[in-house]
Amino acid sequence: MFKKLDDVEQKFEEINHQLQNPDIALDQKRYQALMKELSDLQPIISTYRRYKSVQKQIVDNKALLETESDEELRKLAKEDLAGLEHELEALEYELKVLLLPKDPNDEKNVIIEIRGGAGGDEAALFADELFNAYTHYAHKQGWKVEIMSASPGNAGGFREIIGSISGDKVYSRLKYESGVHRVQRVPKTETQGRIHTSTVTVAILPEADEVDIQIDPKDLRIDVFRSSGKGGQHVNTTDSAVRITHLPTNTVVVCQDEKSQIKNKAKALKILYARLKAAEEEKAMKSASEARLAQIGTGERSERIRTYNFPQSRVTDHRIGLTIHQLDAVMSGDFEYIIDPVIAHFQAEQLKAQKN
């Protein structure tokens with residue numbers, strides 16, 4: 001590992017040296033590529049240099065203990081040594097995580113799709129609340145959220161809501177959120193106070209560029225129709241809604257939120273590209289070896305991953321056995337209470353897979 005870290009540090013210094021060349025600044029494409037590479041290496045280099053600094057302090061403190069006769073100084077050195085050794089262990093683990101193979105999608109923006117499952121109206125209401133919770137979390141991260149398509153429920157909420165989230169490394173933070181999310185609470189319509197269980201499905205799809213997925217225009221059927229509105233002034237009197245069908249896979253995307261047919265078509269294509277990319281990656285994962293699947297981690301949409309229990313203010317992530325009693329905070333956007341431990345768990349699983 002340390003030979004690899006030395007190589008990374010050497011590469012970091014070489015890039016810094018290249019950036020001092022005035023000719024590089026004239027080539028903006030090259031300059032930006034080098035700056036991006038430098039930025040990607042910075043967390044590893046900062047951690048590695050801190051590791052070496054702590055390592056040197058440990059050596060110095062041990063030397064002091066061997067030569068120093070003053071008991072007060074020896075006591076201070078021992079206390080420092082314990083803290084430094086603990087920090088060194090934590091830094092070594094962090095370096096191992098930083099050196100894990102990068103998911104090529106980690107830097108990407110995402111399409112988030114939330115659909116009501118079992119529970120009818122209650123599921124639709126929770127789909128709306130969960131989307132709002134992710135929206136609050138996104139805003140706290142400095143990300144931008146845009147609703148791309150929504151199908152209202154009969155009693156409020158959404159049978160389906162699709163949005164895009166853009167910002168810094170969005171997929172790396174949200175990629176483990178795909179799956180079945182279960183809610184347990186007393187619905188507003190329940191007169192006897194009984195707790196009902198409902199479910200929604202969440203799909204986190206990395207945004208796909210046209211270069212990622214090649215689509216033959218002949219494989220697309222594009223239909224336009226009049227958007228269904230709320231009545232009165234909201235009724236759209238033009239054929240602005242767009243339905244795109246990818247004929248080879250029978251994948252259908254409908255967008256009607258915008259008054260412009262062009263904007264709805266652009267949004268629908270964006271969702272379609274993401275769905276087709278996700279389908280290709282899922283197919284590749286299924287054909288991979290068990291060891292590779294273990295390294296990739298979970299992303300199955302059919303897997304029940306989490307329960308939100310409102311009467312007990314409890315959130316449980318079933319994959320890692322984590323339970324916290326901070327439901328209000330999570331639903332207000334403090335998803336880091338759940339997301340951080342989940343990411344740490346799957347990073348640990350990747351490290352185990354590398355050892356085997």
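This is a predicted model: local features need pLDDT of at least 70, side-chain atom pairs count only at pLDDT 80 or more; totals for chains, interfaces and linings use all residues.
1. Overall confidence. The chain has a mean pLDDT of 84, and 89% of its residues reach 70 or more. Among the elements of the chain, strand β10 (residues 314-317) has the highest mean pLDDT, at 96. The lowest, 39, belongs to helix α8 (residues 290-296).

2. Stretches to read with care. Over residues 230-235 the pLDDT stays under 50, and the model has one contact beyond four places in sequence for them. Over residues 288-301 the pLDDT also stays under 50, but here the model has 25 contacts beyond four places in sequence.

3. A helix pair. Two packed helices are described by the angle between their axes and the distance between the axes. Helix α3 (residues 28-67) packs with helix α4 (residues 71-98) at an angle of about 155°, and their axes are 9 Å apart. Angles over 145 degrees count as roughly antiparallel, so α3 is roughly antiparallel to α4. The crossing of α3 and α4 is left-handed. Sorted by class, the contact of α3 with α4 has 15 nonpolar, 10 charged and four polar residues.

4. Aromatic pairs. The count of aromatic pairs comes to six. One of them is formed by Tyr137 and Phe335. Their arrangement is edge-to-face, with 6.1 Å centre to centre and 75° between the planes. This pair links distant parts of the chain, 198 residues apart: Tyr137 is in helix α5 (residues 121-140), whereas Phe335 is in the loop between α9 (327-331) and α10 (336-355).

Definitions and conventions
Residues are numbered from 1 along each chain as its sequence is written. Side-chain values use heavy atoms; hydrogens and water are left out. pLDDT is the predictor's confidence in each residue, from 0 to 100. Helices (H or I, at least four residues) and strands (E, at least two) are DSSP runs, numbered from the N terminus. Contact means heavy atoms within 4.5 Å. Axes are lines fitted to C-alpha atoms, for helices over the stretch in contact, and angles run from 0 to 180 degrees between N-to-C directions. Angles under 35 degrees count as roughly parallel, over 145 as roughly antiparallel, 65 to 115 as roughly perpendicular and the rest as oblique. A crossing is left-handed if the near helix is turned anticlockwise from the far one by less than a right angle, and right-handed if clockwise. Ala, Val, Leu, Ile, Met, Phe, Trp, Tyr, Cys and Pro count as nonpolar, Asp, Glu, Lys and Arg as charged, and the others, Gly among them, as polar. Rings of Phe, Tyr and Trp (its six-membered ring) pair if their centres lie within 6.5 Å; planes under 30 degrees apart count as stacked, over 60 as edge-to-face and the rest as tilted.
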